[in-house]
Amino acid sequence: MVLFDSSISPLTHSAKLSSPLLLSSLSHRPLRYAVLGAGFAGLSVAWHLLKESPKDLNLHIDLYDEMGIGGGASGVSGGLLHPYSPKVKLLWRGAECWKECMKLLSIAEQAVSSEEDLVSLSGEFGQDFGGILDRRRGIIRPATNMKTLNVLNDNAKNCLANCKIEIIDKNAAEKLVPHIHMPFNLAFYMPEAINVNSKYYLNALFLACQNIVKELSASGFGKKNLCLQKKSVYELRELEGEYDAVIICLGAKADLLPELAGKLPLRTCRGVILHLQLPDNIGEDYPDHGPSILSDAWLAIKGNRRLDLGSTWEWKSRNSSSNVSTDEASDALQELLPKASAIYPGITSWSFAGARAGLRAMPPLTPHGSLPLLGCVNNILGNDLICKYWLLGGLGSRGLLYHGWLGKLTAEAVLSCNEQIIPSELTSWKNKDSRP
């Protein structure tokens, strides 16, 4: 059953998704959506489909991921959250991304506010953060290159009011991180930036999705369902005729679908993250108020005696396993430790405590930076399709920042069957040669 066709006039950004002209015909049977991938993108899409759909709409969502919630690259993410480039320039649509991400973080935190849910999730995923979903101590980026110093200064002046960048000197920086090395006596400090426990957050967001299903279904209006299907989808044609729309949020694995293989302008890149801890015989903890650190390598502080160090960049890798061999971990340590110790010399006292890895899907460079890929892909898949197929991919290393706003955009486009809701900068990739 074709829900809508191209003869329908495009909606404006302010159009009501509950317009009777668009949705009245759907109220007699449940809409069926499949969301492929249970990482940042997939869970944001699922949440917004439930939240943005009319209350009287019957809706069933199947969330497919053979690894479960956050089992892929999203769950491996270092979790450093801010809306700026390495040169502290506000990213394209950074304000919207920051705003929507803050909303989802708040929603996830509310979902685990009950004692029972908090104990359950924090016990499984929150040990490293002391049982909390995020660590709000800010992020500091020391200036390390005289050539870019003026650019960094200029960019910092155009920061967001709700994620400020403070330019601080060596004395101020050392009050935050004792013994931090400041090559040019200058650092850029983002006090509102956050370090998110990615795996814990994703499970909390899934819990929020389950909660809203219960709330909406109990309201007496439309019935909502959300089912996690812990299995793989090997071909999109498996789903044809089963769903009204399929939203592909598979990250680097999207290219493994035969219908999309070689058709997406994505490059893969494997990144290894190292877990370090302070040995018991070292008495000086990382300070409670100490921020995480950005430099040629980043340090995501998880507590007084635990941190993550990242990340490597192995381009063209197809290895999506989160497991890291002894040799791969050793190579990563040799690469990252000198970079980190150049800024934080004290890291040489920390010991190796494990490693994990993820496979990023990196998008092409555009005049606005490296932007994710969104839009309906039926024109790529071929004609005579009953189902509508949508893509949200190429979030690269900024999935945490992007997922809230882009998930909302995608959900609105899917519900209204109107791609023009999505900014053209995110769909223009379809007008070009899509080969990697």
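The model is a predicted one, in which local features need pLDDT of at least 70, side-chain atom pairs count only at pLDDT 80 or more, and totals for chains, interfaces and linings use all residues. Residues are numbered from 1 along each chain as its sequence is written, and side-chain values use heavy atoms, with hydrogens and water left out.

**Surroundings of alanine 193**

- Alanine 193 sits in the loop that links β7 (187–190) to β8 (194–196); helices (H or I, at least four residues) and strands (E, at least two) are DSSP runs, numbered from the N terminus.
- Leaving out residues up to four places away in sequence, alanine 193 touches Leu81, His82, Trp98, Arg137, Gly138, Ile139 and Cys163, where contact means heavy atoms within 4.5 Å.
- Histidine 82 is 111 residues from alanine 193 along the chain, yet the C-alpha atoms of the two are separated by 5.2 Å.

**The open sheet with β8**

- Strands β3, β8 and β4 form an open sheet of three strands in the order β3-β8-β4, with antiparallel pairing; two strands pair if DSSP finds at least two bridges between them.
- β3 (80–81) and β4 (134–135) stand at the edges with a single partner strand each, so one side of each has no neighbour in the sheet.
- β3 and β8 run antiparallel and are joined by two bridges.
- Leucine 81 in this pairing stands opposite isoleucine 194 of β8.

**Nonpolar cores**

- The largest nonpolar core has 86 residues, and those with the most contacts inside it are Tyr33, Leu49, Leu81, Tyr201, Ile247 and Leu426; such a core is a set of buried Ala, Val, Leu, Ile, Met, Phe, Trp, Tyr and Cys residues joined through side-chain atoms within 4.5 Å.
- Helix α8 (residues 198–218) gives the most to this core, contributing 12 residues.
- Another core, of 30 residues, lies apart from it and includes Ile140, Met182, Leu299 and Ile301.
- Tyrosine 33, setting aside neighbours within four places in sequence, is in contact with residues including Leu49, Leu59, His60, Ile61, Asp62, Ile247 and Val414.

- Strand β2 (residues 59–64) is mostly covered, as six of its six residues are buried.
- Leu59, Ile61 and Leu63 are buried on one side of β2, and His60, Asp62 and Tyr64 are buried on the other.
- β2 pairs with strand β1 (residues 31–36) in the parallel sense over six bridges, and leucine 59 of β2 is the bridge partner of leucine 31.
- From β1 the chain passes through helix α2 (residues 40–52) to β2 in a right-handed β-α-β crossover; right-handed applies if, with the strands pointing away from the viewer, the path from the first strand over the helix to the second runs clockwise.
- β2 also pairs in the parallel sense with strand β9 (residues 224–229) over six bridges, and histidine 60 stands opposite asparagine 225 in β9.

- The 21 residues of α8 should span 30 Å at 1.5 Å a residue, which agrees with the 30 Å between its end C-alpha atoms; the expected span is 1.5 Å times one less than the number of residues.
- Glycine 220, which follows α8, has a positive phi near 90°.
- Serine 74 lies in helix α3 (residues 73–76) and counts as buried at 18% relative accessibility.
- The side chain of serine 74 reaches the backbone nitrogen of phenylalanine 40 at 3.0 Å.
- Beyond residues up to four places away in sequence, serine 74 touches Gly39, Phe40, Ser198 and Leu202.

**Backbone features in loops**

- The peptide bond from glycine 310 to serine 311 is cis, with omega near -15°, and serine 311 lies in the loop between β14 (306–310) and β15 (314–315).
- Asparagine 185 is not a glycine, although its phi is positive at about 55°.
- Asparagine 185 belongs to the loop between α7 (170–176) and β7 and is partly exposed, with a relative accessible area of 42%.
- Cysteine 417 likewise has a positive phi, of about 50°, without being a glycine, and lies in the loop between α11 (399–416) and α12 (424–427).

Note on methods. Buried < 20%, exposed > 50% of the residue type's maximum accessible area, 1.4 Å probe, protein only. Polar contact = N/O pair within 3.5 Å; in protein donor to acceptor, adjacent residues only side chain to side chain.
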